[in-house]
Amino acid sequence: MNLNLERLGILMEPQVGNHFEAWGVLNPASARTASGELLLYPRAVAEGNYSRIEIARVLPSAGVPSAVERTGMALEPTEVYEGDKRAVGGVEDPRITFVRPLGVYVMTYVALGKLGPRTALAVSRDGYAWRRLGLLRFPIEASIDFSRYGDKDVVMFPDIVKDVEGKDAFALLHRPTYLVHNEDGTVERVIPSGIDDDRPSIWISYIDVAEAAADLAQLTAVHGSRLLATPEYDWESLKIGAGTPPVLIDGGWLIYYHGVRGEEPKTPDEQKNVCYQAGAMILDRSDPTRILYRSPEPVFSPELPA
């Protein structure tokens, strides 16, 4: 199966003199509006690692994305769960899915507050105006309270799938950090009961279709969490996490995910010695807990040194 990607070049760089982007623009989500516009939602990092989520309209040339036009901010840190007195806080690393049965764009993003990185949701009808729904809410299941864990790399499925009981559900993939941040500032590493591999991995959780259709705020109420995939190959030996929202192809749900090898720094002052690469995974159309294909080698890798 040929799933290799083609580089087209740099589309967006920090704008000179734009203090919102003083430390960079990175990790964008994307969405296409009803009128056909392609929008990017990059994380814009200001001085001191203060992050916002921008909106930029993609401008094509000869049918190929070539430049962007900034149109403002989608989200800025305003909520308690998006800030911290011990750190600057921020809203980071969005992913966006148009959830067809609900007719809305759903943005998952990292809210960096005093209890560490958590995933929050926002929704939009047009891709420009966004309304927060709040943090993901997990019930305690099998002695696991994921509401206390750091969580990242969350992507929504665009359509209804079957949950572990065979019922219609919306689903999302996420990557718990296995770190619990306490109110006093301490951090504990807590591996869920029954999990033998302590490396950060991809989990799947579900959302009740009828409840979400009646009240979009119920998109934050997830259940049925279970481990989907752990690091398997050398190129992803440190950790894995979902990258792109699932896309339905003939073979099932295609996702591109990141795999990391190397060593994480033991202190904040140490430099990272890691390599991020992208792989592909195909999940069963009806039951996305079934992995039908997983690329043994990365399909996208860095070519230049850091």
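**Salt bridges in the predicted model**

Q: What's the relative accessibility of glutamate 37?
A: In this predicted model, glutamate 37 has 25% relative accessibility, so it counts as partly exposed.

Q: Okay, and which side chain does glutamate 37 meet in a salt bridge?
A: That would be arginine 57, with an N to O distance of 2.6 Å. Glutamate 37 sits in the loop between β1 (24-32) and β2 (38-46), while arginine 57 is in strand β3 (residues 50-61), so the pair ties together parts that are 20 residues apart in sequence.

Q: What about arginine 57, buried or partly exposed?
A: Arginine 57 is partly exposed, at 21% relative accessibility.

Q: New topic. Where does arginine 175 lie, and where is aspartate 153?
A: Their side chains meet in a salt bridge at 3.2 Å, N to O. Arginine 175 is in strand β11 (residues 168-181) and aspartate 153 is in strand β9 (residues 149-156), so this pair ties together parts that are 22 residues apart in sequence.

Q: Is aspartate 153 buried or exposed?
A: Buried, since aspartate 153 has 9% relative accessibility. Arginine 175 is buried as well, with a relative accessible area of 7%.

Q: And what does aspartate 284 pair up with?
A: Aspartate 284 meets arginine 290 in a salt bridge, 2.9 Å from N to O. Aspartate 284 is buried at 16%, whereas arginine 290 is partly exposed at 45%.

Q: Last one: how many salt bridges does the count come to?
A: The count comes to 20 salt bridges.

Key: Residues numbered from 1 in each chain as written. Predicted model: local features only at pLDDT ≥ 70, side-chain atom pairs only at ≥ 80, totals over all residues. Heavy atoms only, no water. Salt bridge = Lys/Arg side-chain N within 4 Å of Asp/Glu carboxyl O. Helix = DSSP H or I, 4+ residues; strand = E, 2+ residues; numbered from the N terminus. Buried < 20%, exposed > 50% of the residue type's maximum accessible area, 1.4 Å probe, protein only.
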